[in-house]
There are 2 protein chains.
Amino acid sequence: MIKIRDLEYLDAIDIHRHFGRAAEACFVSQPTLSGQIMKLEEQLGLVLVERQTRKVMLTPAGERLVAEARNVLRAAQSFEASAKALLDPFSGDLHIGLIPTLAPYLLPHIMKDLNEKLPKINFYLHEDKTKNLLKSLDEGKLDLLILPWLDEMDKFDRYDLFEEPLVLATSNEHPLSAKKTVNLDQLTNYEILTLEDGHCLRDQALGFCFTAGAKEDHRFQATSLETLRYMVSSNMGITLLPQLATLNQTATNTINYIPFTDPKPNRQISLMLRTGYSRMECIRAVVSCVKGSMKGVI
Amino acid sequence: MIKIRDLEYLDAIDIHRHFGRAAEACFVSQPTLSGQIMKLEEQLGLVLVERQTRKVMLTPAGERLVAEARNVLRAAQSFEASAKALLDPFSGDLHIGLIPTLAPYLLPHIMKDLNEKLPKINFYLHEDKTKNLLKSLDEGKLDLLILPWLDEMDKFDRYDLFEEPLVLATSNEHPLSAKKTVNLDQLTNYEILTLEDGHCLRDQALGFCFTAGAKEDHRFQATSLETLRYMVSSNMGITLLPQLATLNQTATNTINYIPFTDPKPNRQISLMLRTGYSRMECIRAVVSCVKGSMKGVI
DNA sequence: ATTTGTAAATAGCTAAAACCTATCACATAA
DNA sequence: TTATGTGATAGGTTTTAGCTATTTACAAAT
């Protein structure tokens, strides 16, 4: 394979039409440049330079190839320029994976700060279910995940962001609706509305409910938190909702959100990385930024 | 400056996601490839590869740079492909310089054969006056000239193609028009129509005429051979025309072309090259092709 | 014709680096 | 725990890009 340095020599010969000055421009001695050009010619089996005693010029073949050479040099310079740009750890693209029961309620709280603190980072947001996110993270399609931590994720690095309590959602007509707080034990014998299969929130909420002696309402399954909320307000039942999904609700006073007393059901929202991920400076900035944004919110 | 080989290693790592197999694909040992990748990373100050025990993948920076690297590799491959194509001595471009008093009358005789014998050569034809052609040849803008040879061209290499006689052109009414042949001496005291300054034919024709005792007709100067011919047919005078310009004339029986007896005035049409020009195989083919085409014509 | 000056090629050497084999360290799987 | 797969490390060899000094070639000037 040809060498980039040789192409620089060829370029310099064409520019200066003089071995000595071309060598000077390349910061090498004249014999070095002469020798390398000769080697290149030998390697290609072509005469590239027409040597006359007081004049040097490229042969037609050399003329043609110096144009090709300049394409290579341009591409190489572009490579180096990109590398230089990437040296700034706080620039580039960041693909973030989030789950549907978190993303729409979390992002409004954090994206403004992230964009301000890391203006040279392009954030790409990917919403999917936990299982798919973990696969994408593993395959390198995503750089990081923000989701409720589960035991099965221990092969990845974990940075805790905050704990999100789950609260009880009831309609105004429900027996529990008048309470200021509620204890998990009080759910005994109630049936709980749930999300459809595949949402990790479903599994977590059911976990808490089973412990408390409550059962799943098998008649309905919601496809999203918003459907679930609509079902609650329609008096179809009660459910557990993550607290972030209960904030900034525009005039939905048909629903009561009742916090739990200890032991509070909650989920640990964490940032997950492949172990050995290279851009830790950037990640640390993201972690501290998100923590800062969520302080006071939850 | 980066090295192309290193970019190939990076490319291979991305393709195989495995140091051993990438090394195999590059025909080097695994430690060699590992080492070179590490050096590249050190040189750029970037981690390009995420090394996990059983899995290798590129970091976001590596992902970005491997795309750049492939641009470089593509350009380099294009360079080598071009070089290979240029290895065929009978391919490529050939810029030919010709003078206006020869080109339009010579080309119809030679171009068909040239294109057939050298189908992979692209011929570019440049018509200009001798002085400019010599400058362009010297500067490398032209590969070869086809023109009447003159003493002052001895710094270039010369390949004789054919001798072109000059003939006397008269109108039907001119005293000399009845003759089958004419001798230069018979031009004594006639005035000769000439081309404008700068055409080498003008100088050559005048040379013959002065020797013969004829003078220039200063009242008119033609800008081209065709104007000159028109002036002759209009009975404005007589002139010397190169023989090629008298062939294949469509029904111009108002002009007589009279050959000279010995010593015949003529011009030596030669192919001129810079000494040291590299594509001699191609040139020899051109010379023999042109000679062949002109055999019998002149 | 001889001298002079310029520029490229050649000779001979040095140092860098690309590459090799052999081995180590470590994580995963059996 | 052991076996296996995989990348990193160690140490040595060969290649080559680079240097300085010199020679060769030729054009221009004397």
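This is a predicted model: local features need pLDDT of at least 70, side-chain atom pairs count only at pLDDT 80 or more; totals for chains, interfaces and linings use all residues.
The axes of H5 (residues 103-117) and H9 (residues 280-294) of chain B come within 9 Å and cross at roughly 130°. Angles over 145 degrees would count as roughly antiparallel and 65 to 115 as roughly perpendicular, and H5(B) and H9(B) are therefore oblique to each other.

Which residues make this contact? From H5(B) come Leu106(B), His109(B), Ile110(B), Asp113(B), Leu114(B) and Lys117(B), and they meet Val286(B), Cys289(B), Val290(B), Ser293(B) and Met294(B) of H9(B). Sorted by class, the contact of H5(B) with H9(B) holds seven nonpolar, two polar and two charged residues.

Let us turn to the DNA. Around DNA strand C there are 22 residues, of which Arg51(A), Arg54(A), Lys3(B), Ser29(B) and Thr32(B) come nearest. The class make-up of this surface is eight nonpolar, eight polar and six charged residues.

| Protein atom | Atom of DNA strand C | Distance |
|---|---|---|
| Gln30(A), side-chain N or O | base nitrogen | 2.9 Å |
| Ser34(A), polar side-chain atom | phosphate oxygen | 2.9 Å |
| Ser29(B), backbone N or O | phosphate oxygen | 2.6 Å |

Both chains provide elements that give two or more residues to the surface near DNA strand C: helix H2 (19-25) and helix H3 (30-44) of chain A, together with helix H1 (4-16) and helix H3 (30-44) of chain B.

How values were computed:
Residues are numbered from 1 along each chain as its sequence is written. Chains are lettered from A and ligands numbered from 1 in the order in which they are written. Side-chain values use heavy atoms; hydrogens and water are left out. Axes are lines fitted to C-alpha atoms, for helices over the stretch in contact, and angles run from 0 to 180 degrees between N-to-C directions. Helices (H or I, at least four residues) and strands (E, at least two) are DSSP runs, numbered from the N terminus. Angles under 35 degrees count as roughly parallel, over 145 as roughly antiparallel, 65 to 115 as roughly perpendicular and the rest as oblique. Contact means heavy atoms within 4.5 Å. Ala, Val, Leu, Ile, Met, Phe, Trp, Tyr, Cys and Pro count as nonpolar, Asp, Glu, Lys and Arg as charged, and the others, Gly among them, as polar. A residue is near a molecule or strand if one of its heavy atoms lies within 4 Å of it. A polar contact is a pair of N or O atoms within 3.5 Å; within protein, one must be able to donate a hydrogen and the other to accept it, and residues adjacent in sequence count only if both atoms are side-chain atoms.
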